[in-house]
Amino acid sequence: MKRIRPSLAFTGLVLALACSSLTAYAAGKCSPITYREARSAMSSRLLATGYSRTQADFLMRNADRMTSALPATALNDSGQACGIDSVRAHVLGCLDRQLFPLGAGSSSPLDETKQTKGFWGRKRLTVRELLFIGHFHACLGAAEEYLFRH
């Protein structure tokens, strides 16, 4: 048991570093689709992989709120070359690459409800919702880091 924990911690660290470097790499590219198209694709993808309609609506409503708060006036040169709609779509495209390949029909541990401090206005969220929220914030942070002025 004591040998398993360090290996799990190491594996988690390696995965975190790999995901953050992939997120950072992807943040420098413009999205080839509009935010509306990216949003529609993400909503469909959530429903196809086991998220309920209520969960998908909740998550997309909050994603819309947070991406619409990204100010076009604060884009750096790379962000200006893409435009704010592309940058917002890029956040969802990054999320799609990071969150999936969550398999269709996934169940049990992903549907387990956890008590939280109140992420996105709710204190009880499923593991699958928490995964979305965590990956969303990673992609949003990467976009802010690489496409906006500091």
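What span should the 16 residues of α5 have at 1.5 Å a residue, and how far apart are its end C-alpha atoms?

I worked on a predicted model, in which local features need pLDDT of at least 70 and side-chain atom pairs count only at pLDDT 80 or more, while totals for chains, interfaces and linings use all residues. Residues are numbered from 1 along each chain as its sequence is written, and side-chain values use heavy atoms, with hydrogens and water left out.

**Helix α5.** I took helices as DSSP runs of H or I, at least four residues, numbered from the N terminus. The expected span is 1.5 Å times one less than the number of residues. For α5 that should be 22 Å, and the end C-alpha atoms lie 23 Å apart, which agrees. I then looked up burial (under 20% relative accessible area, 1.4 Å probe, protein chains only). In α5, 12 of the 16 residues are buried, including Arg88, His90 and Gln98.

**α3 and α6.** I found these two packed at about 20°, axes 11 Å apart. That makes α3 roughly parallel to α6, a class for angles under 35 degrees. Phe58 and Met66 of α3 are among the contact residues, as are Phe132 and Phe136 of α6.

Notes:
Buried means under 20% relative accessible area, exposed over 50%, partly exposed in between (1.4 Å probe, protein chains only). Axes are lines fitted to C-alpha atoms, for helices over the stretch in contact, and angles run from 0 to 180 degrees between N-to-C directions. Angles under 35 degrees count as roughly parallel, over 145 as roughly antiparallel, 65 to 115 as roughly perpendicular and the rest as oblique. Contact means heavy atoms within 4.5 Å.
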